[in-house]
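I am opening a new notebook page.

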Amino acid sequence: MAEHAPGAPTAPGAPGTARATGVGGLAAFRIIAAMWIRSTMTYRFSFAMTLLANFVVTFFDFVVILLMFTHVEGLGGFGFAEVAFLYGTTSTAFGLADLALGQVSRIGRRVRDGTLDTLLVRPAPVLAQVAADRFALRRLGRVSQGLFVLVWSLVLLDLDWTVLKVCLVPLMVLSGAGIFGSVMVAGAAFQFWARDAAEVVNSFTYGGNTLLQYPPTIFARELVRGVTFVLPLAFVNWLPALYVLGRPYPVDLPESTAFLPPLVTAVCALAAGACWRAGLRSYRSTGS
Amino acid sequence: MRLYAAVAAGSFRRHATYRVATAAGVFTNTVFGFVLAFTFNALWDERPNLGGYDKPEALTYVWIGQALLATCGLMGGGGFAEELIERIKTGDVAVDLYRPADLQLWWLATDLGRAAFELAGRGIVPMAVGALAFDLALPGASGDLWRWPAFLGSVALGVVVGFAIWFLVSLSAFWLMDGAGVVQVAWLCGLFFSGMLLPLTVFPGALGEVARVLPWASMLQVPADVFLGKYTGWGLAKAYGFQAGWAVVLLAAGRVLQLAARRRVVVQGG
């Protein structure tokens with residue numbers, strides 16, 4: 001934990017003044033994240049290895065798709081460039097969410113061993129503290145890999161670009177990050193009740209990311225409906241990306257739904273925030 | 001020997017205690033199984049008989065992978081690596097080293113206990129769900145029932161190879177102090193070269209040939225092929241030999257590293 005990590009300097013800023021006034025969420029996140037970045041840099045070799053490994057891990061993820069396309073021309077009627085576009089958009093979105101909020105999945109452990117109490121008495125929002133705890137800069141590896149594939153696919157794709165389509169690409173990546181981030185926070189809130197169930201959240205975050213790398217046409221219709229209407233992961237990239245690619249979505253929806261991601265993100269964020277507050281309120285310390 | 005049996009049994013019970021975590025793992029394995037099964041389904045629609053598997057065999061491969069993911073420590077060494085690295089980092093390992101038990105055998109026993117639990121607790125349910133949702137190639141006819149015990153034997157060897165790799169990875173913390181980087185690289189190799197993401201028989205050319213003789217192949221590809229009946233008679237003996245060979249080599253390497261590490265440990269009094 002933070003207190004025992006060698007090389008972890010104490011948080012900058014005078015604690016006295018912070019206690020008097022309290023620190024805003026973003027400011028707290030920045031301070032703690034900066035502390036962890038400095039701490040990570042103590043083990044430079046290990047950091048270089050993890051950064052490289054992070055890039056390569058996610059790249060190998062993509063190698064699987066490359067290997068598949070050495071055997072086939074298309075997957076579910078989608079060519080290589082189109083699958084790469086799906087891959088690039090979801091991976092970048094997921095990478096951004098993971099960089100900022102990935103650490104909240106550790107909350108279950110903090111609830112179990114009681115170290116969450118330390119965070120509760122500090123004068124900063126708990127969510128910001130949890131998100132910035134052990135802030136891992138190496139996760140930039142995933143973001144850069146996603147961007148790399150995205151740019152590659154944009155070079156390969158032969159589309160009739162309109163202003164609308166061009167604007168939709170960065171918009172879907174940012175909204176997608178918001179949707180993934182909301183799922184992470186809601187999942188963390190769920191762990192206040194189910195302490196050991198961190199893995200369930202993985203199946204929606206990592207599993208969702210894997211799902212969205214492939215075209216919706218290869219999945220069972222019920223599954224596609226589920227991630228459209230129940231857990232709106234389809235708004236991360238499927239709906240907007242299929243509009244950009246000029247392809248029909250397997251579930252019958254008006255074309256304008258391709259522009260809904262920012263709205264969906266806002267709704268998800270509100271819901272996740274409500275879950276988090278409810279979870280935090282229900283928290284009972286282990287005592288000792 | 002009785003000591004290590006007790007350690008293994010204790011480890012089995014320890015992992016069996018976390019029922020919610022087990023249920024969560026089963027859920028996650030099932031979700032990933034579905035996603036992978038649909039991608040394999042699309043792939044084998046385009047290319048029937050890819051990699052020497054027909055479609056039911058390819059889908060069976062997916063669910064075997066999900067069943068063995070935790071068992072063989074394809075992701076993160078089942079927690080023992082993390083624990084051992086933490087002990088090395090904090091210096092607690094000094095206590096382990098002067099116990100009247102061998103470090104490597106001690107951790108091997110805990111890992112075998114864990115694997116036995118994970119195979120039963122996390123392997124069976126996803127496989128059953130997969131068999132309900134998809135048309136799988138399970139050995140059921142009276143002539144091929146032997147494949148079930150043959151598969152278990154191969155899994156046991158795969159678990160030992162997996163342990164040996166993660167033991168080496170853990171001991172690197174004696175020199176690097178922070179094992180996170182090496183863990184990630186090992187995790188990546190395990191995922192890719194075991195055939196978890198795509199069967200090694202589908203890997204093209206030289207990459208495939210190299211991947212099929214690396215130790216990771218014995219953690220999923222070989223057990224899966226034994227299950228699917230790709231090895232019979234002498235071929236099966238050779239498959240076992242391949243796994244056992246890697247197990248011996250890697251355990252011996254772990255032994256050498258352990259001796260070197262023992263000389264590095266300095267215990268501070270106080």
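I start with pLDDT, which is the predictor's confidence in each residue, on a scale from 0 to 100. I need it here, as this is a predicted model.

Confidence. I looked up chain B and found a mean pLDDT of 90, with 97% of its residues at 70 or more. Among the elements of chain B, helix α11 (residues 221-227) has the highest mean pLDDT, 96. The lowest, 83, belongs to α9(B). For the complex I noted an ipTM of 0.84 and a pTM of 0.87 from the predictor.

The contact. I counted 32 residues from chain A and 33 residues from chain B in it. On the side of chain A that touches chain B, α3 (44-71) and α10 (198-212) of chain A each supply at least two residues. The largest share, 14 residues, comes from α3(A). By type, I listed 20 nonpolar, ten polar and two charged residues on that side of chain A.

Helix α9 of chain B. I went back to the element with the lowest mean pLDDT in chain B. It covers residues 180-193, 14 residues in total. From first C-alpha to last, α9(B) reaches 20 Å, close to the 20 Å expected. Is it mostly covered or mostly open? Mostly covered: twelve of the 14 residues of α9(B) are buried. Among them I noted B:Val182, B:Trp187, B:Leu191 and B:Phe193. What covers the buried residues of α9(B) includes α3 of chain A. From chain B, the cover includes α4 (80-90), α7 (147-171), α8 (173-176) and α10 (205-213). Last, I checked what follows α9(B): B:Gly195 has a positive phi, near 95 degrees.

Note on methods: Residues numbered from 1 in each chain as written. Chains lettered and ligands numbered in written order. Predicted model: local features only at pLDDT ≥ 70, side-chain atom pairs only at ≥ 80, totals over all residues. Contact = placed C-beta atoms within 7 Å. Helix = DSSP H or I, 4+ residues; strand = E, 2+ residues; numbered from the N terminus. Nonpolar A, V, L, I, M, F, W, Y, C, P; charged D, E, K, R; others polar. Expected span 1.5 Å × (residues − 1). Buried ≥ 20, exposed ≤ 12 C-beta atoms within 10 Å, placed from the backbone.
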